[in-house]
Amino acid sequence: MNKPIVRFAPSPTGYLHIGGARTALFNWLYAKKNGGKFLLRIEDTDLERSKSEYIDQITDALSWLGFDWNDNVILQSKNKSRHEEVVNHMIQAGTAYRCFLSKEELDALRKESEKKKELFRVPKTYRDYSLEQHQALIDEGKSFTVRLKIPDGITEFTDLVYGTIKVNNKELDDFIIARSDGSPTYNFVVAIDDSDMNISHVIRGDDHLANTPKQILVYKALGLTLPTFAHLPMILGSDKKRLSKRHAATNVQEYKEKGFTATAMINYLSLLGWNPDSDQEIFNINELVGAFNFSQVQKKPATFDEKKLLWVSGQQMAQIEVSTVIKEIEILDSSWGVNQDSKYKNDVIALVKDRSKTLNDIIEVSDVFFKEDISHNEEMSKKILDDSSIQIITDLHEALNIEDNWRKDTLESIFDNLMTQHELGLGKLIKPVRFALTGLGYGPGIFDMIILLGKDRCLNRLSKAVKL
RNA sequence: GGCCCGUUCGUCUAAUGGUUAGGACUCAUGGUUUUCAUCCAUGCAAUAGGAGUUCGAUCCUCCUACGGGCUACCA
């Protein structure tokens, strides 16, 4: 088998959203798994809506995810003359024809059919006109579109996900391949470009499933070799509607900013609409490449569930190396940990990492170790720092102040004394102490934390908390 | 309206012509951690509905319902 060539073909009318990322992922996985090529084509022919800044956003997001594409980015708009050339060729060859029906005429006919509750079909008035007749009408100054001459018969193809799809060509109008301004339409150019790029596998969202027969008809009219098609089910929001801007976060970039690693995103996305045929849920990229298979891709749409994403992210966080975490965080927040000793940074991350679900969780907690001054939420202060808590903190301050052996065992005995002194369990002691020390209601083990913070910081914070 | 696609716990999914319909997330409860998180255990929870084929259908067929997509001189 030849090495597959696949492509991801977003239109630059917005940022890269979750659905697009999943499509890109499956393309990329398939290419990687089979030693093929993953190409990137930007479908920027809709001049009204396409913006170059979106191209940058999309390529940035793809790079962040690690979907490195082969060759240069292909801009569809650059293929304009090629598209026009093919249209002309098809007119000459008789596989397409000029249609002189105006948009207004068609709209009127469409409305009429609707009124009569009849099925509307584009009239094939000009289908069999000769090229001379075309010229005569052009000379009259009539404008025209170009339509594909769809033959009788059945168009059938085997989708890697959906199986055999069959459509009677009668259901299809002679659709427009070039508008009256000469610009080619989507279902036409996509076929030409995919063919020109030698795409072997067209992997895309299933919103394109119904258009596939039209594209196949273009391939056939030109005698081109058909690619294999694989359509992916949609990703839905929690309301079961197609994921769109109405939903909370659909932009890949937003998830990056929320502190999810690319690995976690990819891991979660891979599980939407695909299963590894095993109970494994946590994958690194290589495992995913090895396991991916179209036979395990679902046909039904999947709902995006941020709760599960968080869980996947937490699982990934437990496996990720401290040095990697530091790199990732520094990419995310360049001000993080500046002027901090690198051994200290390592220790902080090692302490905090396993109880964090996202990089942002880590950033939040690690702040406590980097900043001299921490803030205490007023409401929580009132709730936690009652008289007995203040007494505990005062006593602890006193004991720590005269303790020079800053070790776990000495700290433990200090807390033992406090426990007997106040007749409280360790849990009751920890809560106010942690709050005094960090301003947080959660965090790493208390002894580890005290050791890492160091004596000065601990004493300062304890005495500050007493005054709150 | 027409065409195409789909429908298993709330969510992601597994299974097979014969299972107590399995796992994961969420949620609840308990345990571990003398805190929180993690972790572990237990529990709640599903084959859209109706016909047919069959000794037996979640699985095969048909119908209905529901959902999605396409049906544009958008991509």
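Which backbone oxygen lies 2.9 Å from a polar atom of the side chain of Ser50? It is the backbone oxygen of Asp46. The criterion for a polar contact is a pair of N or O atoms within 3.5 Å; within protein, one must be able to donate a hydrogen and the other to accept it, and residues adjacent in sequence count only if both atoms are side-chain atoms.

Before I continue, a word on the model. It is predicted, and local features need pLDDT of at least 70, side-chain atom pairs count only at pLDDT 80 or more, while totals for chains, interfaces and linings use all residues. Residues are numbered from 1 along each chain as its sequence is written, chains are lettered from A and ligands numbered from 1 in the order in which they are written, and side-chain values use heavy atoms, with hydrogens and water left out.

I return to Ser50. This residue sits in the loop between E2 and H2; helices (H or I, at least four residues) and strands (E, at least two) are DSSP runs, numbered from the N terminus. Ser50 counts as buried because its relative accessibility is 17%, where buried means under 20% relative accessible area, exposed over 50% and partly exposed in between, with a 1.4 Å probe and protein chains only. Leaving aside residues up to four places away in sequence, Ser50 touches Pro12, Thr13, Glu43, Asp44 and Thr45, contact being heavy atoms within 4.5 Å.

Ser52, by contrast, belongs to helix H2 and counts as exposed, at 56% relative accessibility. From Ser52 to Val73 the separation is 21 residues in sequence and 13 Å in space, C-alpha to C-alpha.

Helix H2 itself covers residues 52-65, and its 14 residues should span 20 Å at 1.5 Å a residue, which agrees with the 20 Å between its end C-alpha atoms. The expected span is 1.5 Å times one less than the number of residues. Its buried residues include Tyr54, Ile58 and Trp64. Among the elements they pack against are strand E1 (5-8), helix H1 (18-33) and strand E2 (37-42). After H2 comes Gly66, with a positive phi near 90°.

Next, the strands. In a regular strand the side chains alternate between the two faces of the sheet. In E1, Ile5 and Arg7 point one way, Val6 and Phe8 the other way, and all are buried. E1 and E2 are joined in the parallel sense by four bridges; two strands pair if DSSP finds at least two bridges between them. Ile5 stands opposite Lys37 in E2. Together, E1, H1 and E2 form a right-handed β-α-β unit: with the strands pointing away from the viewer, the path from the first strand over the helix to the second runs clockwise.

Strand E10 (residues 228-232) is largely enclosed by the rest of the structure, because four of its five residues are buried. Five bridges link E10 to the parallel strand E9 (residues 201-205). Between them the chain passes through helix H7 (residues 212-221), in a right-handed β-α-β crossover.

Finally, I turn to RNA strand B. How many residues surround RNA strand B? There are 59, and the closest are Arg179, Asn275, Arg355, Met419 and Arg434; a residue is near if one of its heavy atoms lies within 4 Å. Of the RNA atoms within 4 Å of the protein, 72% belong to sugar or phosphate. A phosphate oxygen lies 2.6 Å from a polar side-chain atom of Lys300, and a phosphate oxygen lies 2.8 Å from a backbone N or O atom of Thr303.
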